[in-house]
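The following note sets out a few points for a colleague who has the structure at hand. Please read each point alongside the coordinates.

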Amino acid sequence: MDDNAMNIAIAEVVLLAEHFEVDTADDGLQAMLKVASFGPDLILLDIQMPGKDGLEVTRDLKADPATRHIRIVAFTAFAMQGDEARMRAAGCDGYLSKPIDVKRFGAQVRAYLQAPIDEAWARSAPLGTL
């Protein structure tokens with residue numbers, strides 16, 4: 001879920017080509033509504049979304065027993081000092097940087113689905129490399 005239409009389109013095309021089932025949202029409020037109807041196993045969530053930002057959405061989903069099992073991967077182009085701690089504190093299970101590497105993106109997403117939760121952050125690149 002991302003507020004940039006181009007980021008959404010590229011990620012969607014790559015994930016569909018990799019045989020993922022995909023749904024998208026343009027803002028945090030729409031994301032919350034779609035989670036209930038779509039029932040995802042993993043959410044790629046932009047941190048800087050309009051309305052409800054990605055960290056607020058993450059906190060809400062992780063606080064709800066019906067959705068706390070969903071893996072949430074921060075999907076961000078911006079990494080500032082302290083962001084990793086904020087993402088972890090909100091409940092994110094890892095992160096991927098934008099822009100995506102279209103050759104590796106499907107495998108990166110699949111790895112988050114397959115990794116035990118406690119190993120997910122180990123799959124994330126250090127924030128300094130974003």
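Which helices and strands each supply at least two residues of the lining of the largest pocket?

1. In this predicted model, helix 1 (5–17), helix 2 (28–38), strand 1 (42–45) and helix 5 each contribute at least two residues to that lining. The largest share, five residues, comes from helix 1.

2. The largest pocket has a volume of about 490 Å³. Its lining comprises 24 residues, and Leu15, Glu21, Val22, Asp23 and Leu42 lie nearest the centre. By residue class, the lining holds 15 nonpolar, three polar and six charged residues.

3. Five salt bridges are found in the whole structure. One of them pairs Glu18 with Arg110, with the closest N and O atoms 3.4 Å apart. Glu18 lies in the loop between helix 1 and helix 2 and Arg110 in helix 5, so this pair ties together parts that are 92 residues apart in sequence. Glu18 is partly exposed at 32% relative accessibility, and Arg110 is partly exposed at 28%.

4. A salt bridge also joins Lys98 and Asp46, the closest N and O atoms being 3.5 Å apart. Lys98 belongs to the loop between strand 3 and helix 5, and Asp46 to the loop between strand 1 and helix 3 (54–63), so parts 52 residues apart in sequence are tied together. Both Lys98 and Asp46 are buried.

5. Met6, Ile10 and Val102 form a nonpolar surface patch with about 270 Å² of accessible area together. Val102, in the loop between strand 3 (94–97) and helix 5 (105–114), is partly exposed, with a relative accessible area of 49%.

Methods. Residues are numbered from 1 along each chain as its sequence is written. This is a predicted model: local features need pLDDT of at least 70, side-chain atom pairs count only at pLDDT 80 or more; totals for chains, interfaces and linings use all residues. Side-chain values use heavy atoms; hydrogens and water are left out. Patches are made of residues with over 30% relative accessible area and no salt bridge: like charges are joined within 9 Å, nonpolar side chains (Val, Leu, Ile, Met, Phe, Trp, Tyr) within 5 Å. Accessible areas come from the Shrake-Rupley method with a 1.4 Å probe; for residues, only the protein chains shown count as cover. A salt bridge is a side-chain nitrogen of Lys or Arg within 4 Å of a carboxyl oxygen of Asp or Glu. Helices (H or I, at least four residues) and strands (E, at least two) are DSSP runs, numbered from the N terminus. Buried means under 20% relative accessible area, exposed over 50%, partly exposed in between (1.4 Å probe, protein chains only). On a 1 Å grid over the protein atoms alone, a cavity is a set of points where a 1.4 Å probe fits but cannot get out, and a pocket is an open set with protein on both sides within 12 Å along at least five of seven lines; lining residues have an atom within 4 Å of a point. Grid points are joined across faces, edges and corners, and a volume is the space filled by probe spheres set on the points. Ala, Val, Leu, Ile, Met, Phe, Trp, Tyr, Cys and Pro count as nonpolar, Asp, Glu, Lys and Arg as charged, and the others, Gly among them, as polar.
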